[in-house]
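Please open the model in a viewer and follow the selections below in order. Each stop names what to select and then describes what is found there.

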Amino acid sequence: MSETRSLRKQSIPSLLEKLEQNGQRIIAPQPAGPSGTPWFTDLDRERHIDLEQMTAVSPKSGLFPVVEEILRFRKDGKQVVIEGDKVKVQPTVLFGLRPCDARGLRILESIFQEGEPDVFLRERRAATTVVAFSCTAADPDCFCTSVGGGPGDTEGSDLLLSAIDDDHFLVEIVTPKGKELVELGAGLFEPAKESEQTKVLAAVPVRFPIADVLTKLPALFNLESFWQEQSLACLGCSTCAFVCPICSCFDLEDEADLKCGSRLRCWDSCGQRLFTLHASGHNPRSVQSQRWRQRVMHKFSYLPERGRKARGSAPAEGSTSLLGCVGCGRCSRSCPVDMNLIERLTAIAESDL
Amino acid sequence: MAETVRRTSGQTVVNDMEALRQRARELLDAGTVQVIIGYANGSNRRVRPFFARRPEDLERLILDDRCVLNLAVYLRKPEVKALGKAAVIATPPLLRSILQLAAENHYQESEAVFLALDSAGNVLELSSAEQIAGVLGSLPGSTGQDACVPSADRMPALSAGSTDRQARFAFWKQEFERCIRCYACRAACPMCYCEQCLVDSNQPQWIPVAAHSIGNLEWHISRAMHLAGRCVNCGACSEACPAGIPLNLVNQFLADRIQQEFGQKAGTSAKLDYALSVFSGSDRETFIK
Amino acid sequence: MSPENVYQPYLMRIDRAVDEAPGIRTFRLLFEDEECGKNFRFKAGQFGEYSVFGEGESTFCIASSPTRTGYIECTFRQTGRVTSALAALDEGDILGFRGPYGNVFPVDEWKGKNLLFIAGGIALPPLRCVIWNALDLRENFGDVSIIYGARSVADLVYKHELEEWGKRDDVKLMTTVDPGGETPDWKGQVGFVPHVLEKANPSSENTIALVCGPPIMIKLTLPVLAKLGFAAGDTFTTLENRMKCGFGKCGRCNVGKYYVCVDGPVFTLEQLQTMPAEF
Ligand code: SF4
Ligand code: SF4
Ligand code: SF4
Ligand code: SF4
Ligand code: FES
């Protein structure tokens, strides 16, 4: 195991205060709106940090904002000047993630950094420290353990805090950045004793055999009726993509007045009818069942296959580290028509073709 | 972590499911319809739309106060249309949307059959807008606030008659901040049937696509204006919104204004001129004359 | 913005604008930064993102040949917001260009082979790039044949170049217009591209076929090529999926395990046959 410390639960507010004093921006899940479900926002002392309920939307905006200005320009007669300095990001602590969220950020990073590296995501990640908490409870939509993660998984976290009893966290220092954070909070962290190494973790059963999903998908592609049946209720509302920690489709849009403007990168989704619509009116994915199929294939077939190609033979066939899903269950929780993903992946794993 | 349950309770509001199932079975057997669109129990205490095509599927049909998603949206979905003629298990909000769709020429006479229960527990089989209009007022649950839709009383700043504009604006500004522009509200709305939504047309780009404060405000104001006098307050938009924004309240606010000003209420008649595009000599505004 | 920003376009000045056909325009673009222009290299088949600042970006191939350096050309049809704004630009105006993106026609591997180009309508530009590339290195190739069709005479693009190719005796050019699209003085063929191809009956011996055109033309042309004996691995085309980023991130052009912007736009028929028909 990595280097560890012990932290008292009651020290968390002091830790956050110290970090703020150090100029860190803190983003944490706090209740929002009339329903009070937690939402990742800038820390507001009036509110409490909610580590109990899963946020409706993932913390991916911490690295991949809903809207990002990728270019600014000024027009002067016929002249155009592209302006702006290096990407400016404030040192940030993403606080209160779940292990699946942190793992999701890792995958998001690899999507944006492989091939042409994306400077915005890179700079943001470089300035961000991810503090995740192991899960002590899971709900029936969680399936991290079916896709290679787990309630105490450290991947993608800089620090992982796990409850060991009612009053203490075991702090795993996963990266040097995590170590720096511990140093900023000096005085609050104590050495972890031998007896303080056992994390209290939620039991998350494996819900379906992922290997079967991976092997069956390519041949299932052509079975139109299967996808139509799976997605009969799907509204194409894109909620599943927008709440997902890994979905990274985007749109580029210009906004400008006569003199200056900017080019913006905005979240988008392959579930939208307009996503693939050609100017000619032709649409390669013209009905929702094709778009649902794309969602599943992209996460569980195309991404793993591309990942294998990009990294040579390193991760073996069937490896879960290249999936486009960490099993957070958000899409299932938020889908207005209950297109439960576990259920659909199970049907895929069990299909006989 | 507490089990995440949607904003609804799952209380049974319909005890006469058997009667509904029986009529649905008759319709399937007779070949009058090929699919019954209703609700079934879904995963983890949620409900889901359900498409029953065989008599044995009918056992799964349920109806309770979690059934907010407006099934009328499926009448325009190609894959569902391909199943054949449909009978829809109807709630008052759904019937209101059918009436409003008919008023806008988007529901054709006998395009589908609607099965509803009257207060005596009898099954009503409705297929024309006229029939719907005739019984709608007497159906249980058709008046007052529909059970699980966010209601204004929970939000003091918005409570009926509140004239505190500043408080209202502050509230909505904060709510719209969370909008991520997924357009689930639009996808779930029976009245958002436009082939090309205003927000998707870019010549010119009327509404910013980006989910920043101004873009979100413009999107929601435009949507509200486009639904003014058309929204039937089914609550499907609020139910679908992943950010939990109580959108139907905006639309309801406008609906109330339209009723005050023009004496019209969407979803009450299939013969309703659109209040905001009809001019009459008796209008109070002087600019028309 | 730092030069490593992959979204940052080159500034290009429109050196020459040509109206090719109704709604279709060609720009010759020079790099505002001469140094960039000198160092810029691309290969046949690659594309770029062209932008009007304030309106957005649009994707088209580089229509000029990689053998001609210092400038690039693009030809586009005015359809949406960006292309309308582009069409409104004129000589001397500035636009943005990101690229080159995508894979290439393996022109270097075709030494000694005959080349058969088949194009329809506005889809000549990607092949025009290869045609000039081959003609500039004429000794490397065997026969060069071109079959090009459009709806009507007015809709043919690169009219001057067609004339030039027609006059050359080392190029076999066959132009055609759809029935009803001819003018009284039209000297080319009348008929659809697949029929003209069938009549022309070119040999598939040692020959590479390159096909670009509207989906329906491609669909009807491929069986003819197969009948003529062209192997699927020797038949090339480009896919025209919608694109935004150009480098495999935005997800828009994803077809099966391929991103058209990275793994394409050039595909052999053999590859297409293994791909989902989502193009
Ligand atoms: S469970 Fe759903 S939301 Fe979560 S990572 Fe997988 S696809 Fe995305
Ligand atoms: S959230 Fe559900 S209804 Fe909406 S697009 Fe995703 S699967 Fe379809
Ligand atoms: S705006 Fe909302 S409440 Fe009104 S009809 Fe549409 S979905 Fe129903
Ligand atoms: S559903 Fe909610 S988050 Fe999505 S566009 Fe509508 S208001 Fe915004
Ligand atoms: S154009 Fe963005 S992924 Fe291909």
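## Chain C as a whole

Select chain C of this predicted model. A compact globule of 279 residues would have a radius of gyration near 19 Å, and chain C, with 18 Å, agrees with this. The C-alpha trace of chain C spans about 55 × 45 × 35 Å along its principal axes. Colour chain C by secondary structure to display eight helices and 15 strands. Of the 279 residues in chain C, 60% are buried. Among the contacts in chain C with a separation of 6 or more, 69% are between residues 24 or more positions apart.

## Chain A as a whole

Next, select chain A, whose secondary structure comprises ten helices and twelve strands. Its radius of gyration is 22 Å, close to the 20 Å that the globule rule gives for 353 residues, so chain A is as compact as a globular protein of that length. The C-alpha trace of chain A extends over about 65 × 65 × 45 Å along its principal axes. Buried residues account for 60% of the 353 residues in chain A. Of the contacts in chain A with a separation of 6 or more, 72% are between residues 24 or more positions apart.

## The interface between chains A and C

Show chains A and C together. Here 52 residues of chain A are in contact with 46 residues of chain C. The area buried between the two chains is about 4100 Å², and carbon and sulfur atoms give 52% of that area.

How many salt bridges are there between chain A and chain C? The count is eleven. One to display is that of Lys78(A) with Asp93(C), in which the closest N and O atoms are 2.7 Å apart. Between chain A and chain C, 32 residue pairs are in polar contact, with both residues at pLDDT 80 or more.

Which elements of chain A each supply at least two residues of the side that touches chain C? Select β4 (67-76), β5 (79-83), α2 (99-113), α3 (119-126), β11 (250-256), β12 (260-267) and α8 (288-310) of chain A. The element that gives the most is α8(A), with eight residues. By residue class, the side of chain A that touches chain C divides into 21 nonpolar, ten polar and 21 charged residues.

## Helix α3 of chain A

Now select α3(A). Its buried residues are Val119(A), Phe120(A), Leu121(A), Arg124(A) and Arg125(A). The cover over these buried residues includes β4, α2, β7 (128-133), α4 (176-184) and β12 of chain A. At the start of α3(A), a side-chain oxygen of Asp118(A) comes to within 3.0 Å of the backbone nitrogen of Phe120(A).

Arg122(A) lies in helix α3 of chain A and Glu4(C) in the segment before β1 (10-21) of chain C, so the pair joins two chains. Arg122(A) is partly exposed, with a relative accessible area of 34%. Glu4(C) also counts as partly exposed, at 34% relative accessibility.

Select Arg265(A), in strand β12 of chain A. Is Arg265(A) buried or exposed? Arg265(A) is buried, with a relative accessible area of 0%. Its side chain makes a polar contact of 2.7 Å with the side chain of Asp118(A). A further polar contact, of 2.9 Å, joins the side chains of Arg265(A) and Tyr7(C). Other residues that Arg265(A) touches include Phe64(A), Val66(A), Phe112(A), Phe120(A) and Leu252(A).

Then select Asp254(A), which forms a salt bridge with Arg263(A), with the closest N and O atoms 2.6 Å apart. Both Asp254(A) and Arg263(A) are buried.

## Between chains A and B

Bring chain B into view and select Glu229(A), which forms a salt bridge with Arg53(B), the closest N and O atoms being 2.6 Å apart. This pair crosses from helix α6 (residues 224-230) of chain A to the loop between β2 (47-52) and β3 (61-62) of chain B. Glu229(A) is partly exposed at 44% relative accessibility, and Arg53(B) is partly exposed at 29%.

Next, select Pro208(B), in the loop between α6 (184-188) and α7 (213-227) of chain B. Pro208(B) counts as buried, at 15% relative accessibility. The residues that Pro208(B) touches include Glu255(A) and Arg181(B).

Finally, select the network of salt bridges that links Asp139(A), Asp141(A), Arg333(A), Asp338(A), Glu343(A), Arg344(A), Arg46(B) and Arg48(B).

Note on methods: Residues are numbered from 1 along each chain as its sequence is written. Chains are lettered from A and ligands numbered from 1 in the order in which they are written. This is a predicted model: local features need pLDDT of at least 70, side-chain atom pairs count only at pLDDT 80 or more; totals for chains, interfaces and linings use all residues. Side-chain values use heavy atoms; hydrogens and water are left out. Contact means heavy atoms within 4.5 Å. Buried area is the accessible area (1.4 Å probe) that two parts lose on being put together, summed over both. A salt bridge is a side-chain nitrogen of Lys or Arg within 4 Å of a carboxyl oxygen of Asp or Glu. A polar contact is a pair of N or O atoms within 3.5 Å; within protein, one must be able to donate a hydrogen and the other to accept it, and residues adjacent in sequence count only if both atoms are side-chain atoms. Helices (H or I, at least four residues) and strands (E, at least two) are DSSP runs, numbered from the N terminus. Ala, Val, Leu, Ile, Met, Phe, Trp, Tyr, Cys and Pro count as nonpolar, Asp, Glu, Lys and Arg as charged, and the others, Gly among them, as polar. The radius of gyration is taken over C-alpha atoms; the globule rule is 2.2 Å times the number of residues to the power 0.38. Buried means under 20% relative accessible area, exposed over 50%, partly exposed in between (1.4 Å probe, protein chains only). Lists of a residue's contacts leave out its neighbours within four places in sequence.
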